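Dear colleague,

I am passing on the structure we spoke about, and I would be glad if you could read the notes below alongside it.

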Amino acid sequence: MAPVATPFFFYLLSALMLVGGILVITRKNPVHSALALITTLLAQAAIYLMLYAPFVAGVQIILYAGGIMVLFLFVIMLVSIDRSIKERQFNSQWLIGVVAATALGGLLIAVYTKGASLFPGGPVTVAAEGDNTQRVASLLYGQYMFSFEIASLLLLVAIIGAVVMAKKRI
Amino acid sequence: MTNQNTLSHVDLETPEKPFLDANELVINMGPQHPATHGVLRVILRLDGEKVLGLECVIGYLHRGVEKIGEHRTYTMFNPYVDRMDYVAAVSNGLGYCETVEKLLNVEAPPRAQHVRVILTELNRIASHQLWLGTHALDIGAITPLFYTFRDREEILKIYEKYCGARLTTHAFRIGGLQYETYAGFEKEVKNFLNFFRPKIDEYEELLTTNRIWLERTKGVGKISAQDCIALGVTGPVLRASGMKWDLRKAQPYACYKNFDFEIPIGQNGDTYDRYLVRMVEMRQSVRIIEQALGALPEGPIMAKVPKVMKPPAGEVYHSIEAPKGELGYFIVSDGSTQPYRVRVRPPSFVNLQALDLMCRGQLVADVIAVIGTLDIVLGEVDR
Amino acid sequence: MREFIQYITSYLGSNQTPGTAGNIFWVVVYVLLVFTGISLGVIAMNWLERKILAHMQVRLGPMRVGPHGLLQPFADALKLLLKEDLIPAEADSVIFWCAPFMVVLAAFTVFVVVPFGPTHAITDMNIGILFMLGVSSLSVLGIVMAGWASNSHYPLIGALRSSAQMVSYEVAMGMAVVSVILMTSLNAVGTGTLSMIGIVQAQLAQHEWFIFKFFPLGLIAFFIFAVAMVAETNRAPFDLAEAESELTAGFHTEYSGFRWSLFFLAEYGAMMAASSIAVTLWLGGWLRPFPNMLAGAGWDQLFSFIPGASFLFLAGLCFYSTARMPKHPYFRIQTIGLAGFGALLGLVGLILFIPPVRAWVQDIFWFSAKVAGFMYLYIWYRGTFPRYRFDQLMKMGWKVLLPMGLGILILTAGVALYQQNLWHP
Amino acid sequence: MPDETKSPSQHPPQGDSKPSAEKPAAPATPPKPAAVATPAAKPAAAPPKAPVPTPTPWDSPMIAKLRRTYGSGIEPLTYAGQNYIVVDRSLIPELLYVLRNEEKFDYCVDITAVHYPQREKQFDVIWVLYSFPRNERIRVKAQIADGATLPSSVPVWPAANWLEREVYDMFGIKFEGHPDLKRILLPDGWQGHPLRKDYGILQQDNQWVQINLGIESGQ
């Protein structure tokens with residue numbers, strides 16, 4: 001798949017992501033926020049695709065956009081929205097928020113200005129396209145086997161925890 | 001039997017625990033809802049999909065039949081009763097005619113009684129067919145509806161030929177029948193029976209062993225015989241709970257005591273048992289009609305009743321086994337040509353009371369199934 | 001201009017999909033072709049479903065608009081487009097507005113990777129099947145949005161139901177799909193593929209449709225998928241989200257007109273998409289039936305006549321019905337119309353006999369025929385089954401299909417590993 | 001229009017509006033206290049043929065037992081082969097309990113009322129009971145005045161719930177202790193109780209109709 005109009009799509013998707021991200025934190029209605037977040041995630045998936053990482057893109061869509069966000073929406077829909085609209089958001093933590101945002105901003109600026117020296121110059125060589133998924137797989141199940149298993153154990157614990165918590169209510 | 005009065009009544013007013021405001025959802029089902037069989041309005045209180053309780057709001061079809069009855073002569077009121085349970089109009093007519101006959105102290109001649117039994121049992125089949133079709137449709141099986149309507153058509157044709165009307169037939173008159181059976185009546189009824197017997201098997205093939213049907217109906221809307229009696233629930237619902245009680249046997253009217261038939265009963269009192277009971281009832285109705293046809297006597301079809309009916313003052317309660325349960329008429333006469341008071345004891349109305357009990361703790365989808373299985377007709381509930 | 005023409009012609013004769021070849025012009029052409037085909041398929045399905053269901057239910061179905069109701073779908077479409085498009089006052093209008101497009105987008109984007117033949121696909125993605133599952137799972141979002149934005153109880157419950165249902169059946173579906181991907185790895189290289197075309201080619205290379213692979217493992221996986229895909233598309237007996245008798249019309253209760261028709265379009269599109277996955281993964285995609293039993297050039301030749309022959313058969317059916325039409329002048333236009341339709345079908349059939357067309361249409365025909373088989377199954381289910389209850393549905397998803405899928409996955413992996421070892425001792 | 005006729009009149013009340021149809025209504029038979037006075041007891045104004053059937057007393061072990069406890073408070077009668085008991089209003093909840101628990105009348109078939117505007121105690125309230133073990137029907141009838149209340153029989157038979165609501169709806173008879181006594185067939189807020197004899201057949205709550213349905217009354 002030869003890329004077409006790469007800069008155009010890159011800027012389009014980035015803009016979409018930024019707008020989505022801003023909407024997530026500015027919308028009062030949580031459902032709108034969630035939908036904005038989904039937009040961001042989908043745009044991100046498209047950027048992965050542009051970076052020749054189709055597998056990550058697919059997983060992003062299936063897991064985040066299709067799975068997790070649906071569950072988010074599920075919960076949000078059940079909560080009375082009228083009340084949350086009236087509430088002021090993050091009213092008690094704005095100070096911490098400002099500090100964190102400044103710190104992050106500083107970091108980004110630092111990376112941007114020093115970027116050339118931090119990273120090797122030029123675009124990374126693209127792996128042969130057909131290998132993508134296999135290489136992810138062999139890395140996951142080979143080199144990073146241990147951390148992969150730990151992560152899955154963590155998820156297992158989370159599942160059991162969720163079941164236990166749900167059972168309590170029954 | 002019902003010494004203790006333990007209705008597992010849950011208090012509808014119990015305040016619910018607030019859980020993210022998400023715990024309770026009040027849903028208004030009806031009066032214009034495809035599955036409430038007419039203008040029944042049910043207010044459901046749900047926890048997610050679980051029913052915490054419900055309240056029926058009825059009366060949308062109230063036409064004041066009882067009031068009308070006080071202002072019509074006995075004969076004039078006869079067609080009105082057809083408009084109550086319009087699915088089983090013939091049964092309604094039978095109940096009314098027999099009650100007035102009791103007041104007048106006359107009895108319909110044997111031939112009339114036999115024809116009455118034939119038509120009433122055909123009506124029971126028709127009513128059950130309609131129930132089966134709509135009930136299955138509520139549970140999501142579309143096809144049985146069309147099968148039952150196809151076969152019900154044959155019954156309606158017989159009615160149409162006999163008295164010119166298909167639905168609100170006004171088939172009987174006080175004291176007997178207005179019309180002699182038409183030529184070929186017996187043959188046509190017999191043909192229908194032969195045509196219909198395999199059709200019951202066809203319905204059963206579609207549903208009785210269908211896994212999804214079993215899952216949707218078994219254990220759904222359970223009600224014990226004890227609760228049935230306490231709530232006055234009669235008909236197939238009571239029988240499916242294991243109570244062997246049918247007015248046709250318990251207090252035979254018309255000429256039912258001449259016929260040999262069985263009362264099907266269920267054990268669990270769930271929706272599936274009610275389904276089975278009604279299926280067997282259709283078969284039994286076929287049996288009764290066959291016997292009645294075989295024993296159809298010759299003779300007059302009308303007893304001696306005065307042109308202007310003035311039953312002596314008095315009051316009478318008489319009830320018959322309508323397809324939906326005990327259908328009773330309580331008529332007070334003051335010696336004039338008009339009833340002083342007509343009270344109809346509609347089976348659907350009383351049976352509907354049990355809906356709340358049967359639905360507690362079930363899911364929304366089960367409410368639909370239970371409304372279907374109660375087999376209510378709103379024309380009769382609201383009168 | 002010449003460059004442009006050269007750009008266009010350069011693709012011809014290529015043995016790649018236009019997407020893989022990177023030829024934008026042909027990508028656009030293919031996109032248009034595929035989406036036209038899908039829309040035509042939806043129209044045909046609309047008519048067929050009503051007709052077949054009607055005949056299952058001892059009635060006639062549409063008979064008025066056109067001969068045997070053939071023009072009914074068009075009449076319906078016209079009606080829907082002319083209807084007033086209501087947005088309830090209390091609804092969240094932006095989301096309400098977007099939701100149907102989201103659903104349609106999800107249902108149609110999937111077809112980007114569906115292989116109608118070795119080169120007849122818009123593109124061949126490296127992660128084809130993952131892409132399909134991912135994109136089709138996005139339709140949940142549209143449904144949730146529609147249900148929530150309507151600001152009404154029934155749609156909300158419908159949306160909750162369908163989202164819960166789709167999310168949970170996706171898991172079982174995924175298990176079944178992964179077992180197929182394991183099967184594709186049985187080759188000299190020892191790595192499987194997620195590419196849709198690759199999966200069919202693996203079946204070709206292994207001389208076995210995956211439904212028969214490791215009997216009965218493939219069959220069971222197929223069964224799991226076949227059940228899950230019905231649930232995934234919200235069709236009977238899993239059509240709880242739009243259970244008429246309970247929730248009036250579920251999540252699209254408040255929709256009307258054009259937007260409602262988009263939901264309709266998306267539903268049928270999703271059905272075809274799901275069937276396409278099943279066909280690709282288990283039924284050999286575009287491969288003709290009986291590749292082993294009836295192998296050989298002669299048989300190939302014979303099978304290549306079937307597309308044309310089946311169209312001729314349909315044409316014959318039309319002519320037979322024409323002959324049976326009532327002779328009354330009232331029906332004259334209808335009779336002519338039916339004969340015309342038959343002639344059209346016959347013409348298509350004859351064209352399909354021309355050798356180059358015949359060769360070209362082979363793959364597409366077999367693929368479509370298999371998908372059509374699934375579509376018939378959908379209709380059949382709807383005519384036969386009552387509807388599941390929500391908890392039963394969830395129980396089946398999580399307690400029956402998911403463990404089954406896991407078991408199949410593990411077994412398949414074991415058997416595949418064993419065979420792999422035979423391959424590379 | 002027959003008016004104020006103490007003696008039962010035979011001529012049919014014609015016209016459909018019967019403003020206060022008050023016809024037969026037992027001519028206030030004085031003798032017994034809670035008495036008798038089924039609508040038709042004596043009035044027998046002789047339809048020419050045949051002796052007019054009148055309610056006659058009946059007896060059974062059950063009645064004997066009840067008689068022993070309640071004495072003259074109950075009067076067992078039978079008409080057209082159907083047994084009923086006329087009871088004093090004061091016996092109402094107690095007797096119903098006895099009938100259900102001791103006499104096994106476990107099924108409350110129906111509760112209804114009849115309005116006799118001419119009488120001092122205007123309403124007959126009637127319980128139709130059935131016993132499954134005995135396969136026997138019985139009716140219990142009590143007379144109450146307009147505005148008087150009755151104890152609810154819902155604790156006795158839960159089936160009475162809707163039936164009593166209907167009686168309340170149609171006649172305005174209040175049942176004390178009913179869990180949820182409100183209108184059932186007519187809308188809440190409707191004025192009047194249609195099955196009373198003074199409620200004409202064409203009458204309706206025009207105000208309600210205008211407010212709630214937004215239409216001028218159709219009649």
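**Strand pairing in chain D**

In chain D, Tyr79(D) faces Gln82(D) of strand β3(D). Before going further, please note that this is a predicted model, in which local features need pLDDT of at least 70 and side-chain atom pairs count only at pLDDT 80 or more, while totals for chains, interfaces and linings use all residues. Residues are numbered from 1 along each chain as its sequence is written, and chains are lettered from A and ligands numbered from 1 in the order in which they are written.

Strands here are DSSP runs of E of at least two residues, and helices are runs of H or I of at least four, both numbered from the N terminus; two strands are said to pair if DSSP finds at least two bridges between them. The hairpin of β2(D) and β3(D) has 2 residues between the strands, and Ala80(D) in this hairpin takes a positive phi near 50°.

On to the next pairing, β3(D) runs parallel to strand β6 (residues 136-144) of chain D, to which 4 bridges join it, and Tyr84(D) has Arg139(D) in β6(D) as its bridge partner. β1(D) and β2(D), by contrast, run antiparallel and are joined by 2 bridges, with Pro57(D) opposite Leu77(D) of β2(D).

Taken as a whole, the open sheet consists of 6 strands of chain D in the order β1-β2-β3-β6-β5-β4, with mixed pairing. Because β1 (56-57) and β4 (107-115) of chain D each have a single partner strand, they stand at the edges, and one side of each is left without a neighbour in the sheet. Helix α3 (residues 160-171) of chain D packs on the sheet, where it touches β4 and β5 (123-131) of chain D, and its direction makes about 5° with that of β4(D). Contact means here that the C-beta atoms of two residues, placed from the backbone, lie within 7 Å; axes are lines fitted to C-alpha atoms, for helices over the stretch in contact, and angles between N-to-C directions run from 0 to 180 degrees.

**Chains D and A in outline**

Chain D has 4 helices and 8 strands, which run β-α-β-β-α-β-β-β-β-α-β-α from the N terminus on. Of its 219 residues, 41% are buried, a residue being buried if 20 or more other C-beta atoms, placed from the backbone, lie within 10 Å of its own, exposed if 12 or fewer do, and partly exposed in between. Chain A has 7 helices and 0 strands, and buried residues make up 18% of its 170 residues. Among contacts in chain A between residues at least 6 apart in sequence, 53% join residues at least 24 apart.

Helix α1 (residues 6-26) and helix α2 (residues 30-50) of chain A pack with their axes 8 Å apart, at an angle of about 155°. That angle makes α1(A) roughly antiparallel to α2(A), since angles over 145 degrees count as roughly antiparallel, under 35 as roughly parallel, 65 to 115 as roughly perpendicular and the rest as oblique. The residues of this contact divide into 13 nonpolar, 7 polar and no charged, where Ala, Val, Leu, Ile, Met, Phe, Trp, Tyr, Cys and Pro count as nonpolar, Asp, Glu, Lys and Arg as charged, and the others, Gly among them, as polar.

In chain B, helix α3 (residues 89-104) and helix α4 (residues 110-139) pack at about 140°, with their axes 8 Å apart, which makes α3(B) oblique to α4(B). Val90(B), Ser91(B) and Leu94(B) of α3(B) make the contact with Arg116(B), Leu119(B), Thr120(B) and Asn123(B) of α4(B), a set that divides into 3 nonpolar, 3 polar and 1 charged.

**Two buried sites**

Helix α14 (residues 364-374) of chain B is mostly covered, with 11 of its 11 residues buried, and just after α14(B) the residue Asp375(B) takes a positive phi of about 55°. In chain C, Tyr30(C) is found in helix α3 (residues 24-56) and counts as buried because it has 22 C-beta neighbours inside 10 Å. Leaving aside residues up to four places away in sequence, Tyr30(C) touches Pro18(C) and Ile122(C).

With best regards
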